[in-house]
Amino acid sequence: TIEDIFGQNCFNERAQQRYLSPKIAKQVQQCVANHEPLSADLTESFASALLRWAVERGATHYTHWFHPLTGASAQKHDSFVTKQGDHVITAFTGKTLAIGEPDASSV
């Protein structure tokens with residue numbers, strides 16, 4: 001049914017409960033409910049869980065979709081996959097997750 005599949009590829013609260021520790025999940029939920037930014041440590045934990053979740057689903061790339069102050073939408077495509085030496089690694093950090101746009105459209 002649609003109820004079973006809707007949102008299955010979203011890192012929603014249900015997915016966060018599965019991939020974050022209970023303590024971290026509660027802290028994230030509190031930040032969201034109170035409209036507060038995540039701390040650097042919390043952002044790093046969230047990014048790590050998000051990477052695991054995405055890679056398990058076969059994701060190799062992600063898109064940052066945003067609305068710059070020009071009135072049009074824009075996208076930035078990036079990869080979880082990075083070449084390091086002669087092998088490939090997956091990487092996604094809290095710093096990458098929390099990056100904003102130069103025109104402040106992500107704020």
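Okay, so one definition before we start: Ala, Val, Leu, Ile, Met, Phe, Trp, Tyr, Cys and Pro count as nonpolar here, Asp, Glu, Lys and Arg as charged, and the others, Gly among them, as polar. Keep in mind that this is a predicted model.

With that, the largest pocket. Its lining splits into 12 nonpolar, 5 polar and 3 charged residues. That makes 20 lining residues, and the ones nearest the centre are Leu50, Tyr62, Thr63, Phe92 and Leu97. Two or more lining residues come from each of α4 (40-56), β1 (61-66), β2 (74-79) and α5 (94-97). The space in there is about 570 Å³.

Next, the second largest pocket, at about 160 Å³. Which helix gives the most to its lining? That's α2, residues 13-19, with 4 residues. By class you get 5 nonpolar, 3 polar and 4 charged. Among the lining residues are Asp4, Arg14, Arg18, Tyr19, Trp53 and Arg57.

Now the rings. The count comes to 6 aromatic pairs. Take Phe11 and Phe46: the ring centres are 5.2 Å apart with the planes at 75°, so that pair is edge-to-face. Phe11 sits in the loop between α1 (2-5) and α2, while Phe46 is in helix α4, 35 residues apart, so the pair links distant parts of the chain. Both of them are buried.

Phe11 also pairs with Trp53; here the centres are 5.3 Å apart and the planes at 55°, so this one counts as tilted. Trp53 is in helix α4 too, 42 residues from Phe11, and Trp53 is buried as well. Put together, ring pairs link Phe11, Tyr19, Phe46 and Trp53 into a cluster.

Technical notes: Residues numbered from 1 in each chain as written. Predicted model: local features only at pLDDT ≥ 70, side-chain atom pairs only at ≥ 80, totals over all residues. Heavy atoms only, no water. 1 Å grid on protein atoms, 1.4 Å probe; cavity = no way out; pocket = protein on both sides within 12 Å on 5 of 7 lines; lining within 4 Å. Points joined across faces, edges and corners; volume = space filled by probe spheres on them. Phe/Tyr/Trp six-rings, centres within 6.5 Å; stacked < 30°, edge-to-face > 60°. Buried < 20%, exposed > 50% of the residue type's maximum accessible area, 1.4 Å probe, protein only.
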